[in-house]
Amino acid sequence: MLLILAKIAVTILAVVIIAEISKRVNPHLGGLLLGLPLGIGLSVYFIAYEQGVDFMVAGIPWGLAGLVPGILFCMAYLFAGRIFTIKNRLAAILVCSLAGFLVFFAAGFGLSRLELGLLPALILFLAVYLLNIPLVKRLRERTPEPVAGGKTNALTAFLIRGVISGVIIAAVTGAAATVGTSLAGVLSAFPSTTYTLLVVLQFEEGDALYPFSIYGFSYGVSTLAVFYVLCWFLLPALGLNAGFAVTYVVCLGYLYAVKAVSDRLQGTRMEKSVR
């Protein structure tokens with residue numbers, strides 16, 4: 001019970017902070033921050049804590065490959081929101097969620113049936129990641145820039161965060177012992193924090209902000225690949241806690257570099273448009 005409460009508390013805190021950054025500062029920055037191993041990091045940590053480091057490390061190739069269904073989840077969520085123009089926000093969230101879940105679990109189950117090593121999983125992720133970037137760029141160019149509203153969070157929004165985060169992370173980590181290493185690895189890659197943030201933004205702001213969080217995540221998700229590769233090497237060598245500490249420091253540095261490149265590219269585009 002204490003483990004479940006810890007999972008819920010940490011995830012809620014992360015989502016609240018990133019949601020406020022997305023709403024009050026910049027939704028693109030909020031999406032990039034989703035690239036940090038927040039929900040996925042919690043899933044991996046608690047699976048390793050409960051089932052052992054060896055169990056989790058054995059599933060890491062499928063976790064790395066599972067980032068592909070994570071990307072597809074976000075794109076399905078986005079396209080469902082654009083295809084089905086529903087005024088009722090709760091109904092729109094349900095439709096987008098259903099599309100995302102169906103795509104994730106269909107692709108994830110297929111991946112779990114494959115024999116994967118770390119290198120093939122990394123190649124698969126990079127191929128989908130690089131193919132997805134041009135699509136994201138086109139979608140972003142056709143979407144008007146939003147103006148962050150800066151609303152105060154309502155109690156309802158906090159309840160949504162808590163329920164979604166708690167159910168997803170508890171389900172993923174609880175199922176690990178029964179579904180085996182490959183499917184547990186895939187499930188560990190479910191973008192739980194991303195999904196929670198998308199629901200919160202769509203509930204509070206409609207269609208204004210959540211697409212930009214998806215665009216940002218499409219770039220920042222590469223940090224999760226770095227996270228899985230580092231876990232593969234560092235968790236057996238340094239142990240769970242020390243391995244995670246070093247992994248997060250490296251991921252923070254990598255994400256900073258990603259943001260710097262992204263900001264430079266955006267600045268170059270603005271200069272060309274002015275000219």
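Burial is expressed here through relative accessible area, with buried meaning under 20%, exposed over 50% and partly exposed in between, for a 1.4 Å probe and protein chains only. The model is predicted, and local features therefore need pLDDT of at least 70 and side-chain atom pairs pLDDT 80 or more, whereas totals for chains, interfaces and linings use all residues. Residues are numbered from 1 along each chain as its sequence is written, and side-chain values use heavy atoms, with hydrogens and water left out.

Rings of Phe, Tyr and Trp (its six-membered ring) pair if their centres lie within 6.5 Å, and planes under 30 degrees apart count as stacked, over 60 as edge-to-face and the rest as tilted. A search of the whole structure finds 22 aromatic pairs. One of them, formed by Tyr77 and Tyr210, is edge-to-face, with 5.6 Å from centre to centre and 80 degrees between the planes. Because Tyr77 lies in helix H5 (residues 67–83) and Tyr210 in helix H10 (residues 210–220), this pair ties together parts that are 133 residues apart in sequence; helices are DSSP runs (H or I, at least four residues), numbered from the N terminus. Both Tyr77 and Tyr210 are buried. The rings of Phe101 and Phe105, by contrast, have centres 6.0 Å apart and planes at 10 degrees, so that pair is stacked. One aromatic cluster includes Tyr77, Phe101, Phe105 and Tyr210, together with Phe73, Phe104, Phe190 and Tyr195.

Gly66, in the loop between H4 and H5, is buried, with a relative accessible area of 0%. Leaving aside neighbours within four places in sequence, Gly66 is in contact (heavy atoms within 4.5 Å) with Phe104, Leu111 and Ala189. Gly66 and Gly108 are 42 residues apart in sequence, and their C-alpha atoms are 6.2 Å apart in space.

The axes of helix H3 (residues 39–51) and helix H4 (residues 53–65) come within 6 Å and cross at roughly 135 degrees, the axes being lines fitted to C-alpha atoms over the stretch in contact, with angles from 0 to 180 degrees between N-to-C directions. H3 and H4 are therefore oblique to each other, given that angles under 35 degrees count as roughly parallel, over 145 as roughly antiparallel, 65 to 115 as roughly perpendicular and the rest as oblique. Val44, Ile47, Ala48 and Gln51 in H3 meet Val53, Phe55 and Met56 in H4.

Notes: Helix = DSSP H or I, 4+ residues; strand = E, 2+ residues; numbered from the N terminus.
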